[in-house]
Amino acid sequence: MKAFALATTAALAIAGSAVLAQQTASPAPMPASPRGTAAAQVGGKWVVEKEGTAPRYREGKWIVVDYGRPILRGRTDIFGAGADYGKKVNDDGPVWRAGANQTTRFRTEAPLVFAGKTLPAGEYSLFVDLKPGAWTLIFSTQPHQTKYDPANKTETFGAYNYDPKFDVLRVPMQTTVGMTSTEQFTIGFFDMTPQGGTLAMSWEKTAAKVAFTVGM
């Protein structure tokens with residue numbers, strides 16, 4: 001009986017130590033620019049499938065943006081001015097990756113119309129050509145890397161190796177500069193209806209947006 005009690009005590013002590021270790025273990029470190037997702041659905045409808053149940057959204061088409069979300073951390077004038085506008089965020093790239101790290105990806109299950117131009121359903125890389133007060137949104141089919149390989153000179157990582165010959169659509173964005181500052185770069189969908197909405201970006205005091213409709 002005494003041996004059993006000692007064994008039980010030892011087992012409880014080990015279990016308690018394991019729980020304590022779990023409680024005091026440091027959480028996994030956050031990346032400097034966490035990944036983010038912006039998503040919307042269009043073209044669907046709410047359907048009551050069974051009397052007395054809540055309606056469900058059916059037949060909607062997804063629009064999804066997957067991107068890195070850099071943080072200001074005290075930086076100011078992030079986009080710069082004059083001839084240096086955009087150079088800080090472009091990081092020696094010809095255009096901005098519209099985020100951080102890996103190439104920003106845009107997927108749409110429905111054709112979308114921007115400024116009268118149709119973007120077919122599919123997956124694209126997303127870039128922004130930065131000019132003071134004149135941002136241009138770029139959709140590209142150029143192959144991309146998920147892990148940076150400096151020897152790879154044909155596929156993009158962020159905006160490195162960007163080649164305009166793969167551009168599918170370029171569309172001007174409306175930009176504004178406000179009083180409040182957005183700490184973490186944000187992409188989102190606004191004023192959505194089943195027929196379309198607005199894709200918007202904001203960082204520090206600059207915001208840019210472009211309207212779109214669902215194509216046929």
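User: What volume does the largest pocket have?

Analyst: Rolling a probe the size of a water molecule over the atoms shows where empty space is left. On a 1 Å grid over the protein atoms alone, a pocket is an open set of points where a 1.4 Å probe fits, with protein on both sides within 12 Å along at least five of seven lines. A volume is the space filled by probe spheres set on the points, which are joined across faces, edges and corners. Here the largest pocket has a volume of about 240 Å³. The model is predicted: local features need pLDDT of at least 70, side-chain atom pairs count only at pLDDT 80 or more, and totals for chains, interfaces and linings use all residues. Residues are numbered from 1 along each chain as its sequence is written, and side-chain values use heavy atoms, with hydrogens and water left out.

User: Which residues lie nearest the centre of the largest pocket?

Analyst: Lining residues have an atom within 4 Å of a point. There are 14 of them in the largest pocket, and Pro 70, Val 89, Asp 91, Gly 99 and Ala 100 lie nearest its centre. For the classes, Ala, Val, Leu, Ile, Met, Phe, Trp, Tyr, Cys and Pro count as nonpolar, Asp, Glu, Lys and Arg as charged, and the others, Gly among them, as polar. The lining has 7 nonpolar, 3 polar and 4 charged residues.

User: Which strands each supply at least two residues of the lining of the second largest pocket?

Analyst: Strands (E, at least two residues) are DSSP runs, numbered from the N terminus. Strand E11 (174-193) and strand E12 (196-214) each supply at least two lining residues. The second largest pocket holds about 190 Å³ of space. Of its 14 lining residues, Phe 190, Ala 200, Ala 207, Ala 208 and Lys 209 are the closest to its centre.

User: Is Gln 195 buried or exposed?

Analyst: Buried means under 20% relative accessible area, exposed over 50%, and partly exposed in between, with a 1.4 Å probe and protein chains only. Gln 195 counts as exposed because its relative accessibility is 53%. This residue lies in the loop between E11 and E12. Contact means heavy atoms within 4.5 Å; not counting residues up to four places away in sequence, Gln 195 touches Phe 212, Thr 213 and Val 214.

User: Which backbone oxygen lies 2.7 Å from a polar atom of the side chain of Thr 104?

Analyst: A polar contact is a pair of N or O atoms within 3.5 Å; within protein, one must be able to donate a hydrogen and the other to accept it, and residues adjacent in sequence count only if both atoms are side-chain atoms. The backbone oxygen in question belongs to Arg 97. That of Ala 98 lies 3.0 Å from a polar atom of the Thr 104 side chain. Thr 104 lies in strand E5 (residues 104-108) and counts as buried, at 0% relative accessibility.

User: Why is the pair of Phe 114 and Phe 212 tilted?

Analyst: Rings of Phe, Tyr and Trp (its six-membered ring) pair if their centres lie within 6.5 Å; planes under 30 degrees apart count as stacked, over 60 as edge-to-face and the rest as tilted. By this rule the count comes to 18 aromatic pairs. The rings of Phe 114 and Phe 212 have planes at 40° and centres 5.6 Å apart, so the pair is tilted. Phe 114 lies in strand E6 (residues 112-114) and Phe 212 in strand E12, so the pair ties together parts 98 residues apart in sequence. Phe 189 and Phe 212 also form a pair, which is edge-to-face, with 6.2 Å centre to centre and 85° between the planes.

Methods: Helix = DSSP H or I, 4+ residues; strand = E, 2+ residues; numbered from the N terminus.
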